[in-house]
Amino acid sequence: MVAARSVTVAALPGGGHAGRFTAMAAPCEVLVDGVSANAVRRLTRIVAREVWRIERHWSRYRDDNIVHRINTAGGRPVTVDEETARFLDYAQQLHAISDGRFDLSSGVLRRVWRFDGSDRVPTAEQIAEVLPLVGWHRVHWNPPVLTMPAGMEIDFGGIGKEYAVDRALRLVVQQTKAPVLINCGGDLAVSGARADGSAWQVGVETPEPGPAPVIGLPAGAIASSGDTHRFLLKDGVRYPHVLDPRTGQAVLGGPRTISVRAASCTEAGVLATLALLHGAQAQEYLHDSAADARVWW
Amino acid sequence: MQLTPEEKRRALAAATLTLLGGGLPSAQAEDKTWDIDTAVMVYAESDNRVQAVEPVLKGTLNLGAERYFTAKLVVDTLTGASPNGATPASTPQTFAGPSPYTADPNETPLDDRFRDTRFQGVVDYQFPLSDMDTLGFGVNAGTEYDFVSLGANLRYARDLFQHNTTLSAGLNFESDSIDPVGGIPIPLAVMRPASDSDDDDMNGWRDGSSDSKTVTDVVLGWTQVIDPKSLFQMNYSLSRSSGYQNDPYKVLSVVGTDGEPLRYVYEARPDSRSKNALFMSYKRFVFGRDVTEISYRYMTDDWGINSHTVDLSYRWYFGSAHYLEPHLRWYSQTAADFYHVALDDGEESLVSEASADTRLAEFDAVTAGIKIGSAVPGRGNWSLRLEYYQQSPKLSGVPTQAADGLSKFDLQPELSAVMLTMGYRFTW
């Protein structure tokens, strides 16, 4: 995937400037309160470089990075870099906390599940065929060495964008005292309240028509998960792009969009993803987890 | 793992913190860019007085992480004539010096030897101590034909209340040495007449030495973001100068009761000066587009000078990338206690301090100007500013016995000047 690696700065109608770039197949935006257009450009470059760096590092569409080496190791051990090791530690903890729902190796299920809007729901046999290649419990993670059975794959896509937003924000606040908002395709984080002390007003994309609902964000982050555009429809049943790695089945009856507000974009993203994996019990899961969330069915 | 949902949430939060907190990648090597500010100012006073051309080159290197290195060079080329302090006379007046000069009858005597090139250089470095504090320091040096100045400054700023408030403190120190042609004149000594050609330095009673002055300034500042559209700023400064304060080329006329000069004496100012100044400014964005600013400055010193400055400007953005900025400044000051237009015969032995420098006189001044410029983000931007300055002196310090005699002269003519500044700013 070749994306234009450029940063642009545009004046906003209400004053100020926004820095824009594209990364991880999403439009990204950087807002900084009370600084010049040049400063916005400089800060956006810092954000973009960091997001692009993470994209390069963990993209599964490249053949020159750690993810490619892991996925093509053919059962041999792979020594990973420090940042990847930290992420694998995290994934391992999430796998435990989520009772196996959060799984970096679930991407193999895409071989049988193709969410192209058709009715081609895989058969039980097809799923049973790939399921042995899914499951973090099959992976041997002895930091910094990862050993994975041949044919298995890992994929950081589920949470990589949220992680990139958080990391870029941490970098950029070292560079400016001004309030910053970073938004990559609806996953966003802010450095704190705006210059006047007010909350940032964030529009959330939902399946419903009409103006996007607005969520105030004085601090922290918002991440959203949903299947608005990616699902299968067969015999009146909607099969969302939400797959339970334990069964290989799509999770039915869940909400279409969930927005979670949390301290970091990564945490918000994990909560939203796990809530979707709870299907019809998404609301209960969010409530039990004391998550600050909005759900659209 | 048998955890309650709350425990799971806490475990998630803790794991996320560990993930994000670890090994923060060092700020990616940023482009180190220079912001270059260039300007040329042309200044011309009326009646062929002082003319100046002043090119300025300033570069700020952004080192990343809010660290800035600044270097600035200013060159001033001055020519023309400036009042030497003497009053007009009914007959031509000739003043001594390496190149004696003469003033026509009824004309304010101007010293036309006023010709100098000044160089001034500044280097400065500013960096954050934390997210909340910034430290800056700089050194500067200036030279003129007969003058050398060395200075250093240290600044500290601290942000409070989510960066909405900034408190700052600064300390400046400057040391000047002056070595005028023929040496420092003895204060209130008589300037030798031009006809006295035996005088080796041809400049009267000068003791042949140089002298120096030190200036210490303390500045306390408060900047407050009132709301996203407005900003208030207040500074208090205390300046203490000690050492040689005189202008070695300035004299006073000692006049008879008819107002005609008997002789000239060199000026004598106190050997120290303390100034207190308070500055307030309010800046506001209006119509989501323009910027207006109003400021006021009050200064008072122990020489008896009190001044008020009110400054108004409005920056109007028109089109997509240009602005027009009208500017108006009003200034008023009282005279120094020792300001005299001239001295009565014998008064020079009664006073210990005296100066006829018009800059120490009571006057009002108005500056009106307009600036036009471009403001395209990320590109080179130019500006052009034209200003007109009009000084209106008020007569003060007239010697009592010669008041009638002097009344036939225009003792404090008005001064006007035009300033044109062309600027170009770009990133390199």
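Because the model is predicted, local features need pLDDT of at least 70 and side-chain atom pairs count only at pLDDT 80 or more, while totals for chains, interfaces and linings use all residues. Residues are numbered from 1 along each chain as its sequence is written, and chains are lettered from A, with ligands numbered from 1, in the order in which they are written.

Let us begin with the overall make-up. Chain A has 7 helices and 15 strands, and chain B has 2 helices and 23 strands. Both kinds of element are DSSP runs numbered from the N terminus: helices are H or I with at least four residues, and strands are E with at least two. Of the 297 residues in chain A, 47% are buried; for the 428 residues of chain B the figure is 19%. Buried here means that 20 or more other C-beta atoms lie within 10 Å of the residue's own; 12 or fewer makes a residue exposed, anything in between partly exposed, and the C-beta atoms are placed from the backbone. Contacts are counted when two such C-beta atoms, placed from the backbone, lie within 7 Å. Among contacts between residues at least 6 apart in sequence, 60% in chain A join residues at least 24 apart, and in chain B 63% do.

Now to the place where the chains meet. The contact takes 40 residues from chain A and 34 residues from chain B. On the chain A side, α1 (37–58), α3 (82–97), α5 (157–172) and α6 (265–277) each supply at least two residues, and α3(A) gives the most, with 9 residues. That side divides into 14 nonpolar, 13 polar and 13 charged residues. In this count Ala, Val, Leu, Ile, Met, Phe, Trp, Tyr, Cys and Pro are nonpolar, Asp, Glu, Lys and Arg are charged, and the others, Gly among them, are polar.

The expected span of a helix is 1.5 Å times one less than its number of residues, so the 16 residues of α3(A) should span 22 Å, and the 23 Å between its end C-alpha atoms agrees. Its buried residues include Phe87(A), Leu88(A), Tyr90(A) and Leu94(A). The buried residues of α3(A) pack against α2 (66–71), β5 (140–142), β6 (145–147) and α6 of chain A, together with α1 (5–21) of chain B. Just after the helix, Asp99(A) takes a positive phi of about 55°.

What about the interior? A nonpolar core is a set of buried Ala, Val, Leu, Ile, Met, Phe, Trp, Tyr and Cys residues joined through C-beta atoms within 7 Å. The largest one has 92 residues, and among those with the most contacts inside it are Val51(A), Val180(A) and Leu271(A). Helix α1(A) gives the most to this core, with 10 residues. Domain 1 (8–60 + 161–198) and domain 2 (62–104 + 123–154) of chain A both give residues to this core, so it lies between them; the domain bounds come from an automatic or database domain assignment. A second, separate core of 22 residues includes Ala86(B), Leu188(B), Leu406(B) and Phe409(B).

Strand β13 (residues 230–243) of chain B runs antiparallel to β12 (residues 211–227) of chain B, joined by 14 bridges, and antiparallel to β16 (residues 272–286) of chain B, joined by 13 bridges. Elsewhere, an open sheet of 3 strands has the order β15-β14-β20 in chain B, with mixed pairing. Strands β15 (261–266) and β20 (343–344) of chain B each have a single partner strand, so one side of each is left without a neighbour in the sheet. Strand β14(B) (residues 251–255) pairs with β15(B) in the antiparallel sense over 5 bridges, and Val251(B) stands opposite Tyr266(B).

Tyr266(B) leads on to Ala189(B): the two are 77 residues apart along the chain, yet their C-alpha atoms are separated by 5.7 Å. Ala189(B) sits in the loop between β11 (165–178) and β12 of chain B and counts as partly exposed because it has 16 C-beta neighbours inside 10 Å.

Note on methods: Pairing = 2+ DSSP bridges.
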